[in-house]
Amino acid sequence: MTRRIRIGMFLAAGAVVGFLLVWASVDLPSFGHYRGPYGYVLNRVVTPERHVTEVVTATVFDYRGFDTLGEELILFAAVTGVVLLLRPEEREAAGNLGDQVGSDAVRVFGALAVGLCVLVGLWLIAFGYVTPGGGFQGGVAVASGVVLLWLVASYRAWEPVARDTALDPVEGLGAGGYVVIGLAALWSGLPYLTNLFGPGTSGTLVSGGSIPFVNWAAGIEVAAALLVLFSEFLDEYIVPLS
Amino acid sequence: MIVATLVPLQLALLAAVAVLAPAVALARNPLRMVVINGFYNWALVVLFMVFGAPDVALSMLVVGAVGYPLILLVALTRSRAKTR
């Protein structure tokens, strides 16, 4: 295909996509004029009902908690798939891969960043239903803090925290915990994932009934899932086959 | 009004996103692309924050500035190991 034809095809395709984009945008509500009813309902209902000050997390882990369970299980299934594809062969002990970071500045600030990232992640999970945050975001932040170990130190520093014998049960605990909290409602004769406990005090960690438990289950699941994922990719790409 | 003071910041961030998005696509060197992509995502994070969506900003932060670059870094490590 000559350059001329390719540019012609791009211009034609670009014109079509551009037209569709403009066509779709013309009818959008103007900025700040939200049309759906649910946002207004939730904004009014969440804090009086659940004593939770963060409406987004209350929506994700309570009002549409069943959808979130599905999302969490998608992540679980995806990570399981990656593990099934990448884990089978025996690998050499990594030993010294010669990937130590040379720069002292990177090592010092990186080591500080490891603790900072993990702490911020735990804080995002813990206060996810009081201020913006939640299990998903916090879980990724915790995992990224641990992955920094590989970036700023070496594979050898990262390997002990990424053992599958430790991570797999933790991931199962997170995913299973969410399911069990839902089942607890069934056992009490209520619909699945009904918010069980009292609403607590607004603006404190003791608020939201089941939301803190579901939130922590999701946080643990996401953090462990990402660590398993990174560990599988790193093993696949970095450690030589025996 | 708080809205009036935010408008210049919003415009600046929209401009930054408009400049950085093609810069990511046009970067030839993969490592440079990862770095520019980091700046692009950072601009998006602040953009969402300034437009009053801290939850979306957080999600963007962890996906765009943390998860995706790490995957890219792993991929880069691999391609370097291959060419060595």
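The largest nonpolar core holds 59 residues. A nonpolar core here is a set of buried Ala, Val, Leu, Ile, Met, Phe, Trp, Tyr and Cys residues joined through C-beta atoms within 7 Å. Buried means 20 or more other C-beta atoms within 10 Å of a residue's own; exposed means 12 or fewer, partly exposed lies in between, and C-beta atoms are placed from the backbone. A:Ala225, A:Leu226 and A:Leu227 have the most contacts inside this core. Helix H9 (residues 211-238) of chain A gives the most to this core, with 16 residues.

This is a predicted model: local features need pLDDT of at least 70, side-chain atom pairs count only at pLDDT 80 or more, and totals for chains, interfaces and linings use all residues. Residues are numbered from 1 along each chain as its sequence is written, while chains are lettered from A and ligands numbered from 1 in the order in which they are written.

Helices (H or I, at least four residues) and strands (E, at least two) are DSSP runs, numbered from the N terminus. Contact means C-beta atoms, placed from the backbone, within 7 Å. The table leaves out residues up to four places away in sequence.

| Residue | In contact with |
|---|---|
| A:Leu227 | A:Ala143, A:Val146, A:Ala162, A:Leu167 |
| A:Val82 | A:Leu229, A:Glu232 |

A:Val82 sits in helix H4 (residues 65-86) of chain A. A:Val82 is partly exposed because 16 other C-beta atoms lie within 10 Å. Its C-alpha atom is 8.7 Å from that of A:Phe233, 151 residues apart along the chain.

Now the interface. 13 residues of chain A are in contact with eleven residues of chain B. Helices H6 (135-152) and H9 of chain A each supply at least two residues of the chain A side.

Conventions:
Two residues are in contact if their C-beta atoms, placed from the backbone, lie within 7 Å.
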